[in-house]
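Visitor: Please take me through this model one question at a time, and state the cut-offs as the terms come up.

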Amino acid sequence: VYQNVVAVQQMARRSICSSARRQVENKVPQKQKVFQEDNGMPVHLKGGSSDALLYRATMALTVLGVGFTLYELVKASFPQKKD
Amino acid sequence: MAHQAHAYHMVDPSPWPLTGAVAALLMTSGLAIWMHFHTTTLMSLGLVLLLLTMYQWWRDIIREGTFQGHHTPPVQKGLRYGMILFITSEVFFFLGFFWAFYHSSLAPTPELGGCWPPTGITTLNPFEVPLLNTAVLLASGVTVTWAHHSIMEGQRKQAIQSLTLTILLGFYFTALQAMEYYEAPFTIADGVYGSTFFVATGFHGLHVIIGSTFLAICLLRQAQYHFTSDHHFGFEAAAWYWHFVDVVWLFLYISIYWWGS
């Protein structure tokens, strides 16, 4: 029984060790290379196509938002008579 | 990128100030529309736009500093001044609510019964959950200082552990306060006591959430090797903000919870 206990302890220790070894890799040098490339791109688009997608979505919401606001404010300025 | 003969940072043109301004327009108009017509669409749209703006603007600052090297010592000095001035403005924000509290509590009107706490108000016992909350925030001030020293000494794992502990303590405070809010025997509508209590502690709680979020971003950045032992201003800014939140709580605890009970 004692040998079994020792075996389980060793197994438990081993699995904890191997999960702790799964560490985050240092990707900063790669990022520095991407963002220092002399391609004339502004920083908000320099990360690639996902930057452009997010930018376009944000700008679309911005334009739509201004339009929607003006519509709601004009609507609120002319109260509807209730019958 | 050796095109400049100075150490300052001339930023690339950016759309985020515009989108942020539009978000503010949408949130304010949306608030008015909500109050009159009971629809939250406009305000929610503004909130989404605000979150998108914050995410992308701060992502770009991390790119400019950590990946492009634009945060030279003079630039960092400017960022330090900026954070100090911002926190100072927040101090004045809270000062107003403390002014309101002391205005009503130092000279209680006959309508309140001429006493503080007002007649009919059952206050919270300052030596129960509020005292625990004080201990939690003070402890988190210690752990954030531990995190700072760990970063300065290049102790990666300790920095991650102490920063995580700080954030957990922040969540614990928020959970305890949420429970207190739910169980409180008075509401925001209970006269000037309720108003001053919930507005002051409510804005404080919001700042705890903001501070915890800032620290969580720092944790992610620390895990991704963004911070070096002598350049980690993002973390320092978060730690300053966290200490500010702690100090505001101490004033709230002494004034509203203890003296005001």
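Guide: Buried means under 20% relative accessible area, exposed means over 50%, and partly exposed lies in between, with a 1.4 Å probe and protein chains only. This is a predicted model, in which local features need pLDDT of at least 70 and side-chain atom pairs count only at pLDDT 80 or more, while totals for chains, interfaces and linings use all residues. Residues are numbered from 1 along each chain as its sequence is written, chains are lettered from A and ligands numbered from 1 in the order in which they are written, and side-chain values use heavy atoms, with hydrogens and water left out.

Visitor: Does Leu51(B) count as buried or exposed?
Guide: Leu51(B) is part of helix α2 (residues 41-67) of chain B, where helices (H or I, at least four residues) and strands (E, at least two) are DSSP runs numbered from the N terminus. The C-alpha atom of Leu51(B) is separated by 9.1 Å from that of Gly20(B), 31 residues away along the chain. Because its relative accessibility is 52%, Leu51(B) counts as exposed.

Visitor: Which pattern does chain A follow along its sequence?
Guide: Chain A has 83 residues, of which 17% count as buried. It holds 3 helices and 0 strands, and read along the sequence its pattern is α-α-α.

Visitor: Are helices α5(B) and α6(B) roughly parallel or antiparallel?
Guide: Helix α5 (residues 156-183) and helix α6 (residues 191-223) of chain B pack at an angle of about 155°, with their axes 10 Å apart; axes are lines fitted to C-alpha atoms, for helices over the stretch in contact, and angles run from 0 to 180 degrees between N-to-C directions. Angles under 35 degrees count as roughly parallel, over 145 as roughly antiparallel, 65 to 115 as roughly perpendicular and the rest as oblique. The angle therefore makes α5(B), relative to α6(B), roughly antiparallel.

Visitor: How are the rings of Phe97(B) and Phe203(B) arranged?
Guide: Over all chains, the structure holds 30 aromatic pairs, for which rings of Phe, Tyr and Trp (its six-membered ring) must have centres within 6.5 Å, with planes under 30 degrees apart counted as stacked, over 60 as edge-to-face and the rest as tilted. Phe97(B) lies in helix α3 (residues 73-106) of chain B and Phe203(B) in helix α6 of chain B, so this pair ties together parts that are 106 residues apart in sequence. The ring centres of Phe97(B) and Phe203(B) are 5.3 Å apart and the planes are at 20°, so the pair is stacked.

Visitor: And how are the rings of Phe101(B) and Tyr102(B) arranged?
Guide: Phe101(B), at 1% relative accessibility, counts as buried, whereas Tyr102(B), at 30%, counts as partly exposed. Their ring centres are 5.2 Å apart and their planes at 70°, so the pair is edge-to-face.

Visitor: Which residue lies over the face of Tyr225(B)?
Guide: Tyr225(B) is found in the loop between α6 and α7 (233-259) of chain B, and its phi is near 65°, a positive value in a residue other than glycine. A charge sits over a ring if NZ of Lys or CZ of Arg is within 6 Å of the ring centre and within 35 degrees of the ring normal. At 3.8 Å from the ring centre, the residue over the face of Tyr225(B) is Arg156(B).

Visitor: What is the geometry of the peptide bond from Trp116(B) to Pro117(B)?
Guide: Pro117(B) is found in the loop between α3 and α4 (129-152) of chain B. With omega near 0°, the peptide bond from Trp116(B) to Pro117(B) is cis.
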